[in-house]
Amino acid sequence: MGRIRAFVQEDIPRVAELNWQFLQGQTGPHPPRLEEYLRQVFFQNPWFDSHIGSLVYEEGRRVVAFLGIVPRPMSVNGKPIQAAFGSGLVVHPESRWTLPGPQLLAAFMDGKQDLAMTDTASELSQQIWVELGGSTSAAHSLQWARPLRPCSYALYAMSRFGREGISGAGGRACRILHKTVNAVAARIPLRRLRRPPGGVTEEELEIDTLLHSCLPGCSAGYSLRPEYNRESLGWLLDFMSRMKAYGNLRKVALRGATKEIIGWFIYYAKRGGIADVVQIGATKLHMKTVFDHLLCDAWNHGAVCLHGRLEIRRAQELSQSRCFFWGTIPLLFRARNPELARLVQQGDAFLSRLDGEWCLKFGASGQEPTGAVLSLPSGKEPSLGAIGIAAPSNFQT
């Protein structure tokens with residue numbers, strides 16, 4: 001029989017091996033930077049709490065499963081609570097018959113935090129969460145997309161289907177459509193996205209600006225809010241910039257004609273790929289202006305499309321900006337207090353991709369992001385007639 005115990009730093013090499021082979025599907029020895037990543041995320045994060053730590057499942061003296069847990073301080077109507085996100089659940093295939101995965105999730109959900117959550121669970125983990133008494137937040141389970149280069153985006157979708165093994169008549173139809181789009185796109189005059197007019201200026205989003213001028217006003221209308229200080233917010237943004245898990249992190253603040261902050265956006269720019277939006281905020285009257293600046297910035301950095309997690313209160317504005325929506329990996333949670341559960345379920349929670357484990361993904365630290373992308377000349381669409389591509393790792397059809 002196995003047992004659950006706290007994850008300690010001596011476990012890092014073994015957990016890195018499990019992560020590399022069975023979570024990321026790689027062969028050979030894991031890279032040393034993966035061990036450093038595990039150390040930073042689970043022992044050196046600014047919210048570290050030994051009472052709400054990561055867990056391993058041990059058989060004999062051998063670690064066969066791991067569940068990462070990262071505490072996140074939050075507040076409900078100004079009253080502090082302790083939230084925690086679970087991530088990176090991995091189980092050695094030879095030990096799955098003993099069900100260490102459900103046992104680790106049950107231990108986490110029964111932990112000392114007020115609110116347990118995850119926003120990167122696999123389909124199997126989602127089923128286990130629900131069976132163990134967890135819930136799905138419908139308000140945080142949609143994703144939006146805004147194509148910037150529609151022909152290139154269509155090619156990504158077709159290549160995604162091709163990579164998943166469509167064969168026979170479906171495969172032949174996909175290849176014919178691929179060639180047709182190439183031929184048509186080569187004859188379409190392309191128009192550059194123009195920067196929105198007006199007296200709006202852009203600047204690098206500084207930590208103090210985000211902490212004191214942006215987040216307080218935008219989150220004021222929500223009962224449940226994440227809580228940051230300069231140390232924690234600085235650590236998180238620096239970590240995301242170094243990991244480059246989804247691309248190169250861009251942080252932009254916008255000032256109006258009177259130099260006041262009217263909005264901001266944080267996103268991963270990926271030339272020839274999908275630009276993933278981390279967080280976007282604006283005053284009530286300037287959301288369209290801020291979103292238009294985001295579109296232009298992503299286009300200028302070579303993105304094919306923008307993806308983001310839908311904030312339900314912004315659905316109408318995003319729809320008017322020609323975005324479309326679809327289901328994505330849901331936000332799963334379990335709250336001790338029924339009122340807290342209601343807030344999350346109904347969307348009365350200011351939760352973006354900045355506030356969960358999505359932004360703590362392992363990446364090529366210090367290097368350009370990996371994954372197949374289109375080769376885009378500066379300011380132009382690709383020459384589509386000769387492209388043979390595979391969808392990037394962060395692309396979803």
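Helices here are DSSP runs of H or I with at least four residues, and strands are E runs of at least two, both numbered from the N terminus. On that basis the protein has eleven helices and 15 strands. The model is predicted. Of its 397 residues, 53% count as buried. Among contacts between residues at least 6 apart in sequence, 75% join residues at least 24 apart.

**Helix α2 and its partners**

- Helix α2 covers residues 32-43. Its twelve residues reach 16 Å from first C-alpha to last, close to the 16 Å expected at 1.5 Å a residue.
- The buried residues in α2 are Leu34, Tyr37, Leu38, Gln40, Val41, Phe42 and Phe43. These buried residues pack against α1, β3 (62-76), β4 (79-91) and α8.
- Helix α1 (residues 12-23) crosses α2 at roughly 110°, and the two axes come within 9 Å. An angle from 65 to 115 degrees counts as roughly perpendicular, so α1 is roughly perpendicular to α2.
- On the α1 side, the contact uses Ile12, Pro13, Val15, Ala16, Asn19 and Trp20. On the α2 side, it uses Leu34, Glu35, Leu38, Arg39 and Phe43.
- By class, the α1 contact with α2 has eight nonpolar, one polar and two charged residues.
- Leu34, Leu38 and Phe43 of α2 are buried, and each takes part in the contact with α1.

**Helix α8 against α2**

- Helix α8 spans residues 230-243 and packs against α2 at an angle of about 160°, with the axes 12 Å apart. Angles over 145 degrees count as roughly antiparallel, so α2 is roughly antiparallel to α8.
- The crossing of α2 and α8 is left-handed.
- From α2, the meeting residues are Tyr37, Gln40 and Val41. From α8, they are Trp235, Phe239, Arg242 and Met243.
- This contact of α2 with α8 divides into five nonpolar residues, one polar and one charged.
- Tyr37, Gln40 and Val41 are buried in α2.

**Helix α8 against α7**

- Helix α7 covers residues 207-219. Its axis comes within 9 Å of the α8 axis, and the two cross at roughly 115°.
- The crossing of α7 and α8 is right-handed.
- Ile207, Asp208, Leu210, Leu211 and Leu215 of α7 meet Arg230, Leu233, Gly234 and Leu237 of α8. That contact has six nonpolar, one polar and two charged residues.
- Thr209 also lies in α7. Its relative accessibility is 12%, and buried means under 20%, so Thr209 counts as buried.
- Leaving aside neighbours within four places in sequence, Thr209 is in contact with Cys214 and Ile261.

**Helix α9**

- Helix α9 runs over residues 287-300. At 1.5 Å a residue, its 14 residues should span 20 Å, and the end C-alpha atoms are 20 Å apart, so the two values agree.
- Helix α9 is mostly covered, with ten of its 14 residues buried.
- The buried set in α9 is Met287, Val290, Phe291, His293, Leu294, Leu295, Cys296, Asp297, Ala298 and Trp299.
- After α9 comes Gly302, which has a positive phi, near 85°.

**Trp144 in strand β7**

- Trp144 sits in strand β7, residues 142-147. Its relative accessible area is 2%, so Trp144 is buried.
- Trp144 and His307 are 163 residues apart in sequence, yet their C-alpha atoms are 5.8 Å apart in space.
- Not counting residues up to four places away in sequence, Trp144 touches Val277, Phe291, Leu306, His307, Gly308, Arg309, Leu310, Leu318, Cys323, Phe324, Phe325 and Trp326.
- Phe291, one of the residues touched by Trp144, is buried in α9.

**Arg3 in strand β1**

- Arg3 is placed in strand β1, residues 2-6. With a relative accessible area of 46%, Arg3 is partly exposed.
- Arg3 touches Val56, Tyr57 and Glu58, not counting residues up to four places away in sequence.
- The C-alpha atoms of Arg3 and Glu59 are separated by 6.7 Å, although these residues are 56 apart along the chain.

Terms used
Residues numbered from 1 in each chain as written. Predicted model: local features only at pLDDT ≥ 70, side-chain atom pairs only at ≥ 80, totals over all residues. Heavy atoms only, no water. Axes fitted to C-alpha atoms, helices over the stretch in contact; angles between N-to-C directions. Parallel < 35°, antiparallel > 145°, perpendicular 65-115°, else oblique. Left-handed = near helix turned anticlockwise from the far one by under 90°. Contact = heavy atoms within 4.5 Å. Nonpolar A, V, L, I, M, F, W, Y, C, P; charged D, E, K, R; others polar. Expected span 1.5 Å × (residues − 1). Buried < 20%, exposed > 50% of the residue type's maximum accessible area, 1.4 Å probe, protein only.
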